[in-house]
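Subject: A two-chain model for you to look through

Hi there,

Here is the structure I promised to pass on. Please open it alongside this note, and my findings follow below.

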Amino acid sequence: MASQTEAQINISKQAIIWLLLSLSITFTLYAFNLENWVPACFVVFAIWRYLIEKNNWAYPKLWLRFPLTIAGGIAVLVTYGSLFGRDASVGLLAVMISMKLLETRTKRDFVVMVVLSYFLTVNILLFTQAIWVFLAVLLALIGLTACLISVSHQTKQTTISPQIWKVQAKLAGKLLLQATPIMLVLFVLFPRIPGPIWGIPQDAYSGMTGLSDSMEPGNISQLSLSSKIAFRVEFKSAIPANNQLYWRGPVLWHQEGRRWQMTSDNIPLPTETIETSGEATDYTITLEPHNRNWLLMLDLPDIASSTLPAEAHIKHDMQVLSKEPIRTRIRYQGHSYLHYTLGAKLSEHERTLALQLLEDENPKTRQLAATWVSENKSPTAIVEAALRMFREQTFVYTLAPPRLGKEPVDDFLFNTKRGFCEHYASSFVYLMRAAGVPARIVTGYQGGEINPNGNYLIVRQSDAHAWAEVWIQDQGWVRVDPTSAVSPDRIEFGIGTALPDSNLLPLLSRQDYPVLKNLYMNWDAVNNGWNQWVLGYDQDKQLALLKKLINKDIAWEDIGLILVTTMIALMLFVSYLLLRNNGGVVLNPTNKIYQQFLKKLSKAGVTKLRHEGAIDFGNRAAKALPNQAIEILEISALYSSMQYAKHQASSNITNAPNQQTLSLLKQLVKNLKIK
Amino acid sequence: MKKITDAIISKTSEVILGKEQQIKLALACILAKGHLLIEDLPGMGKTTLAHTLAQVLGLQFQRVQFTSDLLPADVLGVSVYDRNAANFKFHPGPIFTNVLLADEINRATPKTQSALLEVMEEAQVTIDAVTYTLPQPFFVIATQNPSSQIGTFALPESQLDRFLMRITINYPDAASERKLLQSNGGREQLAKLSPVIDAKQLQTLQAACHDIHVSDALLDYLQAILKYTRQSAQFNAGLSPRAGLSLKQCAQAWAMLDGRDHVIPEDIQAILPSVAGHRLVSNSTLTGSVDNIAQLLKSVTV
């Protein structure tokens, strides 16, 4: 009885450290995604459990554990307002696992804990799927597997040798490595369901950033502080110049105070064809989820020749929308023309929308517009006049503009004169409308950063931009970017050059720190590959790959069949490998060479029976193959003595034959030729 | 060392014709310090084999014919009152010797059998609270008729286990039998036989036996055999740890007789029928123990 408890203590001592280590990794990852008190809770209980182990304290009694459990559940309920949903249920699991540490002592407890911890660890991927998270998860899984191993290896040794950690970690890594083929098969073949995963609750999409369907001064400059990636673009041909890279997003028509909004009016698509000139540009966009419908496209998209997600459509103002909000990373191919004439005719409905302004606001601006009109200027001249004003007066392009007063446009144009792109775009459109020139705001992204490692373009939230389009007779909708009048660098070279260093731009959008930048670019190239080939492996890709492999169209129902067949084949293959090697016994080097010898003889028709000793077999084989008798007998005798005789201490750990003998045997077997 | 053992074997073979394998086994048993049980029909040369071995090894030899009225005192000795000295004097029995041939041990009553077996285990005799140590080396060669014969007390398994080996002699082949018939029988030669070694040398040989190397790979094989006997449905009960130890010791002796300094699986295979045959109880009565051992050997991978 005494020895049994002793053995138990020894299980837990090593296993508990493995468990705590792995869970520490997991909870570190959760620290970014769950309420802070949840990881803190783990830290407390982990330290407690460690002290129990170290100082042989008593485990907490039921009267303490029971209220703790209830309190944990209530705390989760209070924090998340529910016990369901992704955050709440993962939080609950995390808290309960932390507490379960206090009653984990028998082998069964450990097994339960490890299984729960596997689940908890993998769940982190519901929150984030970055590569480094994946790697950290892998590390935690190895630790947990090592914990299982140390639980299964009951020893009565009172001291833990330092080597055992390495051995167990190695074994765990090996086990996971052995599972890799199955993982790959499951990854490639497991039927992908189009659309979001069934179970992912709504709260999974909070915290996604991107353009909104309305704009107020400050929106886009806020967005510009984020270095999060909006999308990545690979061009089929050369990447166009930076000042041509206008990525079209929501088009805003409706003005209401300082707020600009999309129109909900249902306007038919223009009937006349859009005139395009020059070569089309083909590209592939990998769009990060932003929980909105817009699919960003290079101005001006031709959706008839683009390959877009199902049920995507284009609106009269050339913005492309998907049916569902974009909640997973998607990829689509675009086809755009950089030179075009859009909207040669303006419908009455559109003209009304494009001239809409709230009454009685910004008198100074209206006054200015009125002077231009009274001067009988043409629309083109009015546009020019406005741009000249931006260019010649002391307008400043800044991320941190002062707050605007009651009459925002007046305040900006005549007073503060400091603003970000949305200030320029909105005041410009306001000015145009006031002067009777139809105009609208287009939001989207401008420019992007070329990653030389991989030759693709990274467009970040910090590249978010707003510009204007004015309608001019015979020219249609013409893009006018008032920001370029103020800060040409913004459009030519990107936001990093346009803003002075003191501004709060994300580190990676700035131009300094070339080494850091290069490092980042490499990393992003890896990330891009990860996104495309691992995370972006969806139903379409799966079907395309299988089609390539099988050369036949298949439905995803068939994939299940292929999956099962492949798994069975894989397992049979592994069993074969194991059985072939004497029932999974690992062969030592001597035996490996001897196996080659046996193979050679077997080909010559003399097969060793499994119960036959080496010498007996050698004698039999020598009789059967008298021409090679000497060699066969020599090899058999050498092998037998290597296997069973006492050796000179060649290696310090085991009684193994030395290297010379081994190479002698190898040579002999190699030289054995049977005709 | 190989020279000595070869000489012993060839000398013995001069008397026991055509039975080298049995002689070798018997010698291996002696080298492994075990007791030998020879089981065969009357007249097969059991007694001659035992006698010859004792002679060749230069050992003192005593023979007791076991009968159903033989008493323990007839084997161990008895204290008799000496009127002159006015005390009891111990008269040692035939057991005080190097080699005791217990002929037809299964004819004696269990009482006598167990008295003998006790001495075999302890190598000493205790009578009237006085312990008498037997001369060294000491071993028993017992012969028995197959138990189906009338008027025998079969040795129980627990007592069979005391014997390291059980061998059978079998009929000689035609050539050997012809040679035997041409001569006057072994007895005459036996009288002329000169010893090859003496008791001291035998003890040296026995000690050398321990130094024969047994590798881990071989122990793997040995354990696989033990495991098989314990798990297979073929046997009623598997081999005991003592049987395992016996197997190892006999294999060492066998390797020495072959002139090797290490044991190989072939050694185990050679001695296994003799060492394990009487210890394994088959589940099916239809197949003999020899078949069972052959089956066992075939089933265990080297």
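Let me start with A:Asn362, which is buried at a relative accessible area of 1% (buried means under 20% relative accessible area, exposed over 50% and partly exposed in between, with a 1.4 Å probe and protein chains only). This residue sits in the loop between α9 (348-355) and α10 of chain A, and its phi is positive, about 45°, although A:Asn362 is not a glycine. For elements, helices (H or I, at least four residues) and strands (E, at least two) are DSSP runs, numbered from the N terminus.

A quick word on conventions. This is a predicted model, in which local features need pLDDT of at least 70 and side-chain atom pairs count only at pLDDT 80 or more, while totals for chains, interfaces and linings use all residues. Residues are numbered from 1 along each chain as its sequence is written, chains are lettered from A and ligands numbered from 1 in the order in which they are written, and side-chain values use heavy atoms, with hydrogens and water left out.

Now the backbone. Most residues other than glycine have a negative phi, and most peptide bonds are trans. Another exception in phi is A:Asn291, with a positive value of about 65° although it is not a glycine. A:Asn291 belongs to the loop between β6 (275-287) and β7 (294-295) of chain A and counts as partly exposed, at 26% relative accessibility. As for peptide bonds, a cis one joins A:Asp299 and A:Leu300, with omega about 0°; A:Leu300 is in the loop between β8 (297-298) and β9 (313-314) of chain A. In chain B, a cis bond links B:Gln136 to B:Pro137, with omega about -15°, and B:Pro137 lies in the loop between β7 (130-133) and β8 (139-144) of that chain.

Chain A has 675 residues, of which 45% count as buried, and its secondary structure comes to 23 helices and 18 strands. Contact here means heavy atoms within 4.5 Å. For chain A, 72% of the contacts with a separation of 6 or more are between residues 24 or more positions apart. Chain B has 302 residues, 51% of them buried, with 13 helices and eleven strands. Of the contacts in chain B between residues at least 6 apart in sequence, 77% join residues at least 24 apart.

How does α10 pack in chain A? Helix α10 (residues 363-374) meets helix α12 (residues 408-416) at about 70°, with the axes 7 Å apart. Axes are lines fitted to C-alpha atoms, for helices over the stretch in contact, and angles run from 0 to 180 degrees between N-to-C directions. That makes the pair roughly perpendicular (65 to 115 degrees; under 35 is roughly parallel, over 145 roughly antiparallel and the rest oblique). A:Pro363, A:Lys364, A:Thr365 and A:Leu368 of α10 make the contact with A:Val409, A:Asp410, A:Leu413 and A:Phe414 of α12.

Next, the cores. A nonpolar core is a set of buried Ala, Val, Leu, Ile, Met, Phe, Trp, Tyr and Cys residues joined through side-chain atoms within 4.5 Å. The largest has 87 residues, and A:Phe231, A:Trp247, A:Phe390 and A:Phe428 have the most contacts inside it. Helix α13 (residues 421-434) of chain A gives the most to this core, with eight residues. Leaving aside residues up to four places away in sequence, A:Phe390 touches a set including A:Phe412, A:Leu413, A:Phe428 and A:Pro482. Apart from that core lies another, of 69 residues, among them A:Tyr644, B:Ile9, B:Leu49 and B:Leu190.

In chain B, B:Ile23 is in helix α2 (residues 20-31) and is buried, at 0% relative accessibility. Not counting residues up to four places away in sequence, B:Ile23 touches B:Ile9, B:Thr12, B:Ser13, B:Ile16 and B:Leu49.

Finally, the interface. Here 15 residues of chain A are in contact with 16 residues of chain B. The area buried between the chains is about 1300 Å², with carbon and sulfur atoms giving 54% (buried area is the accessible area, 1.4 Å probe, that two parts lose on being put together, summed over both). On the chain A side, A:Arg610, A:His611 and A:Tyr644 lose the most area to chain B, together 56% of what that side buries.
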